[in-house]
Each structure stands twice: as C-alpha cells, then as structure tokens.
Amino acid sequence: MKTVNIEYGYPTCEEALTVLKSALLTERKIGTKNVKIVHGYGSNGVGGKIKIAVQKDMKRYVANGTIRFYCPGEKFDSNHEEGIRISTRYPSGKSDSDWNRGNQGVTVVGF
C-alpha cells in the first residue's frame, strides 16, 4: 500500500488538504488501488484540524466519485465494517503496519 504523508513539514491545514487532493488525483490516475494517508492526530489529544478536515473531505470525495471508500485508522481492523471492506477488497492491507493498531493519525483510501 502506498503511503502519502500530508503532515510532513508541519503544513497549515489548507496546505495539507491541497497535497491530499493532488495525491488522490495522481494516484487514481496512475491506477493505484489504495493509499494510506498520514495526517496525524493533533498535539492536543482530541484530533487535530488536519485530521478533522481530511475526514470531512473523504465524505465529499466519496460523494463525487474521486474515491470509492475510506477507512479511518481507528477502524482499520477486522472488527469494523470499514476495515473489513478494505481488507476484503485489498487483502494486502492486512500486512500494513497500521492494520489492527487503531492509529488515529492515518486514513486508508480505496479507489
């Protein structure tokens, strides 16, 4: 699974979302099947601005067909519908280092 780190370099939320949009469009265009987005969780322990904005954008990207589905890192396991969907469609996801870890700083995307 390809990893895209949108928190690298401590971007503003707007900058991170621009990187995210560009990465998703590029990966979809070249035929990538799924991507793990590293957005971080925020330093205050309740989810940062970038994580919240990414989750909001994911809903929009599903609605407009940019992505098929997404799975928040905290549900990227065999106990949640989102994780099961990803691992069924892309079995290699089970070998990802964040599978079954509950990592709230990532989101997995399927095209």
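**Entry 1. Conventions**

I take buried to mean under 20% relative accessible area, exposed over 50%, and partly exposed in between, with a 1.4 Å probe and protein chains only. The model is predicted, and I kept to its limits: local features need pLDDT of at least 70, side-chain atom pairs count only at pLDDT 80 or more, and totals for chains, interfaces and linings use all residues. Residues are numbered from 1 along each chain as its sequence is written, and side-chain values use heavy atoms, with hydrogens and water left out.

**Entry 2. The chain as a whole**

I looked up the secondary structure, for which helices (H or I, at least four residues) and strands (E, at least two) are DSSP runs numbered from the N terminus. The chain holds three helices and four strands, in the order β-α-β-α-β-α-β from the N terminus on.

I then checked the overall dimensions. The radius of gyration, taken over C-alpha atoms, is compared with a globule rule of 2.2 Å times the number of residues to the power 0.38. For 111 residues a compact globule would come near 13 Å, and the chain agrees, with 13 Å. The C-alpha trace spans about 35 × 30 × 25 Å along its principal axes.

Of the 111 residues, 46% count as buried. I define contact as heavy atoms within 4.5 Å. Among contacts with a separation of 6 or more, 65% join residues 24 or more positions apart.

**Entry 3. Ile 67**

I located Ile 67 in the loop between helix 2 and strand 3. Ile 67 is buried, at a relative accessible area of 3%. Leaving out residues up to four places away in sequence, I find that Ile 67 touches Leu 24, Met 58, Tyr 61, Val 62, Val 109, Gly 110 and Phe 111. I also noted that its C-alpha atom is separated by 11 Å from that of Val 108, 41 residues apart along the chain.

I next examined Gln 55, which lies in helix 2 (residues 49-63). Gln 55 is buried, with a relative accessible area of 15%. Neighbours within four places in sequence aside, Gln 55 is in contact with His 39, Tyr 70, Pro 72 and Thr 107.

Ala 53 is also found in helix 2 and counts as buried at 13% relative accessibility. With residues up to four places away not counted, Ala 53 touches Cys 13 and Leu 17. The C-alpha atoms of Ala 53 and Cys 13 are separated by 7.6 Å, although the two residues are 40 apart along the chain.

**Entry 4. Helix 3**

I listed the buried residues of helix 3 (residues 81-89) as Gly 83, Ile 86 and Ser 87. They cover an arc of only 90° around the axis, which puts them on the same side of helix 3; the arc is that of the directions from the helix axis to the C-beta atoms. These buried residues pack against strand 3 (69-72) and strand 4 (106-110). On the face turned away from the buried side I find the exposed residues Glu 81 and Thr 88.

**Entry 5. Positive phi values**

Most residues other than glycine have a negative phi. I recorded Tyr 10, whose phi is positive, near 55°. Tyr 10 is found in the loop between strand 1 (2-5) and helix 1 (13-30) and counts as exposed at 80% relative accessibility.

I also recorded Asn 100, with a positive phi near 65°. Asn 100 has its place in the loop between helix 3 and strand 4, and at 43% relative accessibility it counts as partly exposed.
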